[in-house]
Amino acid sequence: MPDAAMLARPSTAGSTVSRATTTASRSDAKEEIWSTMLSSVSATKAIPLKNVFILGGGATGAQEFVESLMRVQGAEKKSARQRKHTQAPLTTELALGYTYLDIEDAEHEDILTRLGLYSLPAPAPSYEPILAQAVAASPISDNLLLILLDWATPWTWLSEIRQWVQTLKRVTGRIRESDALAEEAMDRLIEDWEMRIRNYTENARATTATSEAAVSDVALPLSSGQFDDPLGLPLMVVCHNADKTESIAREANFKDEQFDFIQQYLRTVLLKHGAGLHYTTPFLTETTSTLFNAIQSAFSLPTAAPAPKANVIARDAVVIPFGWDSWGKIRVLREGFDLEGVHAGWAIDLKEDRNDTEAGAIEIYEDVIKDPKQASSAVLALGTSDSITHCAAEQDFLTEQLKILEKKASESKEAPSSASQMSASSNVSYTTALGSVSFNVGGIQVDADDVDERLRRLKDRKSLKPSSSEVTLDGIDGSKAQTEVLQNFFNSLLTKKANKPTTSGGSPARSSSKDVPPRSSRSDKEAR
């Protein structure tokens with residue numbers, strides 16, 4: 001019995017091991033089936049991902065721009081489920097911010113494409129490895145570069161674009177050196193975009209550049225200055241906050257000539273890289289919606305509407321689609337623009353080892369489009385500030401005037417009046433004591449020398465005046481003497497007339513003066 005038991009034990013252990021092995025194999029088979037099913041379902045339900053790299057604008061500007069895109073996308077959502085769904089805010093604490101936008105079907109039920117929005121605030125050299133890694137993490141054709149400019153500072157645009165273009169060239173060069181497959185993908189993407197530009201037609205829906213519908217039998221050649229310096233990735237430039245053009249026109253005294261000059265300069269520079277140009281305003285959803293449609297067209301998404309029409313007239317809603325522009329269209333905007341000079345100058349500006357003696361395009365742009373604050377400070381430094389009038393604040397101006405008035409009031413109280421000065425110095429010769437002095441009395445300008453001369457004349461006349469005991473013609477005695485003289489004069493005339501002989505046939509003459517009193521009395525009355 002013991003031997004039989006001992007012999008039976010190994011068989012029992014072997015059967016147990018075989019059963020465990022069978023159970024494990026069955027569980028592994030089940031796991032493989034589920035993993036295969038889940039992977040197949042995830043492959044069919046995978047959401048295509050496209051990336052947009054927003055370059056510039058700072059943390060605040062990029063966040064405002066992304067919010068405007070989200071408002072446009074949110075306005076298109078109709079169902080209650082989608083209204084409850086909120087997009088993730090843009091992360092700005094890190095060097096490379098991130099959020100996403102979902103592009104849905106017409107019924108807003110399924111997500112067709114997801115846009116990953118990356119933001120890089122400044123073209124710092126330390127950010128280049130991060131940007132290169134983010135671009136290379138997905139297929140090269142699924143990336144779009146967007147340079148964000150702000151209308152608050154249009155005089156810095158050319159410098160900002162140059163910094164970003166130089167940064168992007170270094171980033172794409174880094175990707176080419178690190179990955180041969182990425183280099184081939186960039187070359188194919190450049191060829192596809194060149195073919196798209198050659199076969200550009202308005203109102204054409206988004207299609208791939210290599211499709212039969214997009215490629216014609218005879219491709220048109222590229223025009224002068226068009227797409228002769230590709231970056232390896234599609235590029236778009238957005239001038240945000242275009243509503244500030246009105247304030248710039250007032251503060252910087254910009255006219256239509258300056259705004260057209262800015263547009264022509266941007267179009268000439270961007271034509272070299274095959275880039276599109278859009279002006280957007282936050283509260284004008286039409287401009288942001290047009291931009292959002294242009295982004296979908298760049299990725300050839302089926303949800304994209306027909307390519308937006310070009311607009312070069314509206315100051316705050318300029319639209320230059322990919323492949324539409326040319327030198328001839330830029331010249332039409334305003335004559336006299338030097339396209340060849342700007343094109344050659346921009347090539348000089350992009351050189352890493354640029355010689356300072358070479359004249360670039362940025363210098364000409366910044367000479368015409370100037371910062372009004374720097375211009376006013378330069379004028380003050382040159383000492384020609386008469387042409388610019390700076391108004392002080394109202395309260396500051398009134399405070400200064402109050403100080404001046406108080407100072408004058410205190411001085412007038414301390415100084416003696418002009419009348420007291422004249423009475424105190426009446427016995428002193430102004431000429432000998434003070435020299436030539438003049439002062440104002442009652443609004444009349446008085447010369448001290450003239451006053452001294454008049455006083456001297458009065459004193460001389462006083463000394464020559466006769467005394468009151470002498471008889472003069474002045475006063476009462478003078479009037480009596482004059483009356484007596486006149487009376488004697490008339491009496492003498494009457495006497496002479498009475499002594500004349502009588503004429504023949506005439507009346508006898510009066511013999512005495514006694515008959516004359518009535519006449520003399522009458523003459524006295526007349527004399528009096």
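**Salt bridges in a predicted model**

Q: Which residue does Asp260 meet in a salt bridge?
A: This is a predicted model, and here the side chain of Asp260 comes to 2.7 Å from its partner, N to O. The two sit in distant parts of the chain, 74 residues apart, with Asp260 in helix H8 (residues 256-271) and the partner in the loop between helix H10 (327-333) and helix H11 (339-349). That partner is Arg334.

Q: Is Asp260 buried or exposed?
A: Let's take the two ends of the bridge in turn. Arg334 has 30% relative accessibility and counts as partly exposed. Asp260 has a relative accessible area of 14%, and the cut-off for burial is under 20%, so Asp260 is buried.

Q: How many residues apart in sequence are the parts tied together by Arg114 and Asp102?
A: Their side chains meet in a salt bridge at 2.7 Å, N to O. Arg114 belongs to strand S3 (residues 111-120) and Asp102 to strand S2 (residues 97-104), so the pair ties together parts of the chain whose separation in sequence is 12 residues.

Q: Where does Lys244 lie?
A: Lys244 forms a salt bridge with Asp150, the closest N and O atoms being 3.6 Å apart. Asp150 is in strand S4 (residues 143-150), and the pair ties together parts that are 94 residues apart in sequence. Lys244 itself lies in the loop between strand S5 (235-240) and helix H7 (245-251).

Q: What is the relative accessibility of Asp150?
A: Lys244 counts as partly exposed, at 29%. Asp150 also counts as partly exposed, and its value is 28%.

Q: How many salt bridges does the count come to?
A: Side chains of opposite charge can pair when their charged atoms come close. The cut-off used for the count is 4 Å. With that rule, the count comes to 16.

Q: Over which residues is the pLDDT below 50, with 12 contacts beyond near neighbours in sequence?
A: The chain has a mean pLDDT of 77, and 66% of its residues reach 70 or more. Where pLDDT is low, the predicted coordinates should not be read in detail. The stretch with those 12 contacts is residues 78-86.

Methods: Residues numbered from 1 in each chain as written. Predicted model: local features only at pLDDT ≥ 70, side-chain atom pairs only at ≥ 80, totals over all residues. Heavy atoms only, no water. Helix = DSSP H or I, 4+ residues; strand = E, 2+ residues; numbered from the N terminus. Buried < 20%, exposed > 50% of the residue type's maximum accessible area, 1.4 Å probe, protein only. pLDDT = per-residue confidence, 0-100. Contact = heavy atoms within 4.5 Å.
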